[in-house]
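Here are a few exercises to work through with the model open beside you. Try each task before you read its solution.

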Amino acid sequence: MLKPAATDIEALKILDERLLWLSAWTIHHANHVRQSRDGLKVGGHQASCASMTSIMAALYFHALGPNDRVAVKPHAGPVLHAIHYLLGSQDREALENFRGLGGAQSYPSRTKDRIPVDFSTGSVGLGVAITAFSSLVQDYLSAHGLMEESDRGRFVALLGDAELDEGNIYEALIEAYKHDIRNCWWIVDYNRQSLDAVSADRMFERFDEIFRSCGWRVVELRYGKALKAALEAEPRLKAWFENLTNAELSALHFQGGAALRARVDADLGRAAAKFLKAHDDTALARLFADLGGHCMESLVEAFDAAQDDVPALFIAWTIKGRGLPFAGHKDNHAGLMNPTQMAALREAMGVGEGHEWDKLESIGDNARGAVEALIERSQIARDKRPRSFGGIDVPAIPVPAGEEQSTQAAFGRILLDLAKSGHPLADRIVTTSPDVTVSTNLGAWVNQRGLFRRSEIPDVFAREKIASAQKWSATRNGQHIELGIAENNLFLMLAALGLAGDVFGQRLVPIGTLYDPFIARGLDALNYACYQDARFILVATPSGITLGPEGGAHQSINPPLIAMGQPGLRHYEPAFADELALMMEEAFRLVDDPAGESSYFRLSTRAIRQLEREPDGWRDGALQGGYWLCAPGAGAEAAIVGMGAVMPEALAAWEELKDDIPGLGLLAVTSPDLLHRGWTEAQAKRWSGRREPSHVEHLLSALPPSAGLVTIADAAPAALSWLGGVLGQRVAPLGVERFGQTGSLSELYAAYRLDQQAITEAVAELLLSAY
Ligand SMILES: Cc1ncc(C[n+]2csc(CCOP(=O)(O)OP(=O)(O)O)c2C)c(N)n1
Ligand SMILES: [Mg+2]
């Protein structure tokens, strides 16, 4: 890389100031200039922006190439908007509407911001980790011939130092090391302050060791050029400086030159007399603010020197709120300048009143050309990348044969058949699992398609001819990414794979498997994946107390409720293999449909007798969330509503009761999530004049309003009990509300009232209470 000309460094410094001004002004405008409609504080983080403007100027106007992708620290969102404003890809209106409806979002959002945002951020730590998984996806795509070498880029995370407290960072670091990831930079805005206060000193240097031991290059940018020279000339001053605690240094930054002078004098006395004499208070404050993360020369040099593909951690020392009146103050996280302070900043920056939004306001004619040239030369995308959809042809998924099957076994079989079919869809599937590949029935698929590794790993057991059902060799052509047991990483992996169509222009069909209860481990990362509209299929199996002897620690209860409350994720809980095949076909389509979403399958290991079906009548309903397995007769007084693995109990109770209760119905629910969504959507539409009953209203209107419903699911009963609210029918909800335990199925179903008898009793109770 060419050494940047001195004029470029000067121009970068000017851009750094522009970003400082524009980000502070954007936040100020939203809080103090824009009319408030509701009296709520709008908020924003001027201090968190200020500590990052130099780093971001150096990156966006110098170091980033056209294929590089960045996850920006959430609280530096306004700086990213300011960059795009200068580039011409953000407009003033959106900035004026920062944190308003339809305006620039508080934290960078892929889906809601109009500027190109590579990765959404907000929940700290997740935006950092996804960059490592995306670099793995890039390696996967290159190895599979799905992208040109020349299109490869680097994955950059800009993070706050407190983000390093998030455990998910270290889980990702370990996984990244195992997969030997590359082309990843994590740049820490090391301002040594978090939200509440100044950070603990004891972690200093520990971060370096942790990252180095995982194969990362660690580049510490502690001093800017001027401060480095001054400290090197005065070894005692250097030792003094390096002995300050984080809190002491922050306080001194806040207090300014006079306090610095007094403190140096008190601590070093005559030894520092010459130094102090040579600097007035302003010069002292400026010198001690010359930390590495604010020194353009140091930043540019460090980025230019890191051009190989070794993952790198940059620890860039900064001052939180640098250049602002609350610089270094421990309470500055959500601090906002008042109008007087803002006017002073405007004056200091040479911005004329009424010209606050002028892009290059205050830049003198001499420098303007160089600044404009840098803006022009910036290689980052000005426009949102097109999302890639519609290229995947989904075949009809055949129903696995077998009179008795579990949904989990049927899932494995469907993938195996796909793997063998050689259909192009199979080539786009990437599976991944946190050490439960075999126990979630992905084994047969992996035997066909192999594990993925950039550097191949032989299957020693196979080579030694030791009998095993499972082939476990990894190659560049493999299609399964095996993860260690860290469910959070599974969701970050799915997020990265599920964004391949957006980030790399190549849609993949990611399928992740895990045990249903452990969804809870990765909930925030799951939400993060959905928030960015990553597309994937999550297969959670086994589930519920139907897991029997495995016991309560593995028996899930509430995931159907989680799924109901999770936008962007559709829950399917099939009972039979033919339902599963149909839903998987739908889920494949939804991954590749611009208006689609991700799907979550809640499966079971319980083998149940499959149905002899009337052809096809049930299919549409099953995809919409439910269908009548046995339609109710006219005026029926009751129906049994069953979901998933307990369907045999629902069927048996129906058989037992149907002669005594004329017209008794049996409703199979395949997705409470879809039924509920349809219901609320239809209600909202009624207010805009469109009167179409939702699917669930349509289903339940086959019964009179006076009828009773007995709902049963191997899950929290609230997943189905709401059905009574649709038409006002009474409900007796059966389900699991206490932790599970070990036992045989019949014992557990009896103990938790999920058996045929419980259903019969509940139906009787409903009928009796009707009169
Ligand atoms: C998972 C999560 N927990 C809590 C928060 C609230 N929060 C926002 S920023 C922050 C501290 C940020 O400190 P740091 O990462 O050092 O950033 P700085 O603003 O100092 O640059 C916290 C706790 C969050 N956004 N995400
Ligand atoms: Mg910080």
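**Exercise 1. Salt bridges**

Task: Find how many salt bridges a search of the whole structure gives, then look at the pairs glutamate 10 and lysine 13, glutamate 404 and arginine 609, and glutamate 697 and arginine 686.

Solution: 

Step 1. Start with the count: the search turns up 50 salt bridges, where a salt bridge is a side-chain nitrogen of Lys or Arg within 4 Å of a carboxyl oxygen of Asp or Glu. Side chains of opposite charge can pair when their charged atoms come close. Before going on, note that this is a predicted model, so local features need pLDDT of at least 70 and side-chain atom pairs count only at pLDDT 80 or more, while totals for chains, interfaces and linings use all residues. Residues are numbered from 1 along each chain as its sequence is written, chains are lettered from A and ligands numbered from 1 in the order in which they are written, and side-chain values use heavy atoms, with hydrogens and water left out.

Step 2. Take glutamate 10 and lysine 13, whose closest N and O atoms are 3.7 Å apart. They sit 3 residues apart in helix 1 (residues 6-33), so about one helical turn separates them. Helices (H or I, at least four residues) and strands (E, at least two) are DSSP runs, numbered from the N terminus. Glutamate 10 is partly exposed at 43% relative accessibility, and lysine 13 is partly exposed too, at 33%. The cut-offs: buried is under 20% relative accessible area, exposed is over 50%, and partly exposed is in between (1.4 Å probe, protein chains only).

Step 3. Now try glutamate 404 and arginine 609, which meet at 3.9 Å, N to O. This pair links distant parts of the chain, with glutamate 404 in strand 6 (residues 404-405) and arginine 609 in strand 15 (residues 608-609), 205 residues apart. Glutamate 404 is partly exposed, at 46%.

Step 4. For glutamate 697 and arginine 686, the closest N and O atoms are 2.7 Å apart. Here helix 30 (residues 695-700) holds glutamate 697, and helix 29 (residues 672-687) holds arginine 686. Glutamate 697 is buried at 10%, whereas arginine 686 is partly exposed at 25%.

Step 5. Finish with a network: salt bridges link Asp139, Glu149, Arg152, Asp180, Arg182, Asp309 and Arg454.

**Exercise 2. Ligand 1**

Solution: 

Step 1. Count the shell, taking residues with a heavy atom within 4 Å. There are 18 residues, and the closest are Ser48, Lys73, Asp161, Gln193 and Lys320.

Step 2. Sort them: 3 are nonpolar, 9 polar and 6 charged. In this scheme Ala, Val, Leu, Ile, Met, Phe, Trp, Tyr, Cys and Pro are nonpolar, Asp, Glu, Lys and Arg are charged, and the others, Gly among them, are polar.

Step 3. Pick out the backbone atoms. A nitrogen atom of ligand 1 lies 3.1 Å from a backbone N or O atom of valine 124. An oxygen atom of ligand 1 is 2.9 Å from a polar backbone atom of alanine 162, and an oxygen atom of ligand 1 is 2.8 Å from one of glutamine 193.

Conventions:
A polar contact is a pair of N or O atoms within 3.5 Å; within protein, one must be able to donate a hydrogen and the other to accept it, and residues adjacent in sequence count only if both atoms are side-chain atoms.
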